Amino acid sequence: MKARLVWLLLCGIWGSTWLFIKLGLADLPPLTFAGIRFVIACSILFTIIRLRRLRLPRTRADLTLLAITGVLAFSLNYGLLFWGEQYISSGLAALLQATIPAFGLVIAHFYLPGERMTVARIAGVVLGVCGVGVVFSNQLAVAGGKALAGCVALVFSSLFVAYSNVLVKARGKHLDPAILAAGQMVFGLMPLLIIGIPLEGNPFEFHWTMMALVALFYLAVVGSVIAFLLYYWLMRNMDVTKSMLIALVTPVVAVMLGMIVLNEEISWRTIVGGAMIMSGIGFIVAQRWKKNRPIIL
């Protein structure tokens with residue numbers, strides 16, 4: 001039950017981040033924006049680590065894992081995500097990131113013996129992705145080279161983060177969630193800033209509006225610190241394929257926020273697509289949930 005509640009909470013948090021990324025990109029350049037987000041998040045996470053007196057990883061295997069997954073999940077995933085969302089709608093971006101479970105399903109088959117592909121899992125992921133496609137079917141027309149490049153960037157970002165998630169599940173279960181999140185962010189933010197600042201300019205000269213600051217700190221504190229602590233706890237208590245299904249629900253959350261914040265009307269696509277998404281998830285989670293020993297953060 002606890003894992004299910006965390007799963008639902010993460011759907012809400014990451015469903016809202018698309019809106020704040022879009023709001024922030026109105027004033028801030030993508031790579032440096034993402035990098036500064038993780039600098040703030042890292043500062044908070046290392047404070048938590050210090051207060052809890054957690055021991056930092058010292059073995060070559062752990063540091064290598066943090067470096068590889070940090071580059072995959074933060075440098076490549078968020079770099080491509082922030083860059084691509086400049087040229088496409090937040091809804092279409094959320095749809096393309098909903099391919100994470102599909103990539104994860106295939107990758108987990110080779111890395112995690114207990115998470116082999118089954119007919120139910122394949123059917124569930126396919127139905128869920130199709131459902132998200134229905135929700136955003138009116139946004140699927142891609143016009144112009146930059147929009148096409150943005151779409152390709154989002155698909156590759158999904159592949160990279162899915163691979164990172166599986167590696168963490170396979171080799172990082174012994175690491176505390178705070179250590180995992182902070183370590184990955186440290187390795188991941190460096191390429192974002194090293195590439196972003198020379199290309200995008202001095203961050204002190206950016207157009208720092210109140211909305212840009214709100215978006216930045218929401219993404220850093222809620223979308224990064226809180227979300228990743230919860231997510232890595234969840235990965236230790238749930239199959240990686242099931243945890244990655246969050247990516248199928250976040251676009252629906254984005255639609256609901258659009259209705260509330262932007263006064264957008266709900267359409268038949270949302271109703272039909274939402275039903276398909278929930279049915280797809282049902283195919284996967286209908287089997288008995290694994291009972292794991294509870295881990296306290």
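**Helices, a salt bridge and a buried methionine**

Mentor: There is 1 salt bridge in this structure, meaning a side-chain nitrogen of Lys or Arg within 4 Å of a carboxyl oxygen of Asp or Glu. Keep in mind that the model is predicted, so local features need pLDDT of at least 70 and side-chain atom pairs 80 or more, while totals for chains, interfaces and linings use all residues. Residues are numbered from 1 along each chain as its sequence is written, and side-chain values use heavy atoms, leaving out hydrogens and water.

Trainee: Okay, which residue forms a salt bridge with Arg 52?

Mentor: Side chains of opposite charge can pair when their charged atoms come close. Here the closest N and O atoms are 3.1 Å apart, and the partner of Arg 52 is Asp 176.

Trainee: How many residues apart in sequence are the parts that this pair ties together?

Mentor: Arg 52 sits in helix α2 (residues 30-52); helices here are DSSP runs of H or I, at least four residues long, and strands are runs of E, at least two, all numbered from the N terminus. Asp 176 is in the loop between α7 (145-171) and α8 (177-200), so the pair ties together parts separated in sequence by 124 residues.

Trainee: Is Asp 176 buried or exposed?

Mentor: Buried means under 20% relative accessible area, exposed over 50%, and partly exposed in between (1.4 Å probe, protein chains only). Arg 52, at 34%, counts as partly exposed. Asp 176 has 16% relative accessibility, so Asp 176 counts as buried.

Trainee: What about Met 185, which residues does it touch?

Mentor: Met 185 is found in helix α8, and at 0% relative accessibility it counts as buried. Contact means heavy atoms within 4.5 Å. Not counting residues up to four places away in sequence, Met 185 touches Phe 38, Ala 41, Cys 42, Leu 45, Phe 74, Ser 224 and Phe 228.

Trainee: How far apart should the ends of helix α5 be?

Mentor: The expected span is 1.5 Å times one less than the number of residues. Helix α5 (residues 100-111) has 12 residues.
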